[in-house]
Amino acid sequence: MVKFGAVGGSGIAVNFLVFNLLLHGLKWAPMAATVIASCVAMGSNYLGFRFFAYRDRASRTRRQIALFFAFSGIGVIMESALFYIGYHGLGMDTPLGSNLAKALSIALASAFRFLVYRTWVFEQVKHSR
């Protein structure tokens, strides 16, 4: 769980950095900024999980990669929908509000990701006796 947190924390930093650069720096549309930021973070997270957090788990396979990106895609959809509700539905459209909406959406989607990554994507290697 500590390694998951370290990789997740770096992914959150990437997510916020890209999000704020796109939304507040380059003035992109809010939904485009959140989706792109989440996708960039997804890529950096895969590398961190595969080579750091879960390196002792099952070896990299097409199935593992497909599951990671399928579940990550669901996570991006969840995160984006939650951000939309906060930003547009609850009026969290100021710089502080948009970051709060982003933080809440990341937190809720991360709970889902943690469960599916450790359960199905990076399965524990079964040792024969």
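Among contacts (heavy atoms within 4.5 Å) between residues at least 6 apart in sequence, 70% join residues at least 24 apart in the chain. The model is predicted; local features need pLDDT of at least 70 and side-chain atom pairs count only at pLDDT 80 or more, whereas totals for chains, interfaces and linings use all residues. Residues are numbered from 1 along each chain as its sequence is written, and side-chain values use heavy atoms, with hydrogens and water left out.

The chain contains four helices and zero strands, in the order α-α-α-α along the sequence. Helices (H or I, at least four residues) and strands (E, at least two) are DSSP runs, numbered from the N terminus. The C-alpha trace spans about 60 × 25 × 25 Å along its principal axes.

Of the 129 residues, 40% count as buried, that is, under 20% relative accessible area with a 1.4 Å probe, protein chains only.

S80 lies in helix α3 (residues 62-89). This residue counts as buried because its relative accessibility is 9%. Not counting residues up to four places away in sequence, S80 touches M31, T34 and V35.

Technical notes: Buried < 20%, exposed > 50% of the residue type's maximum accessible area, 1.4 Å probe, protein only.
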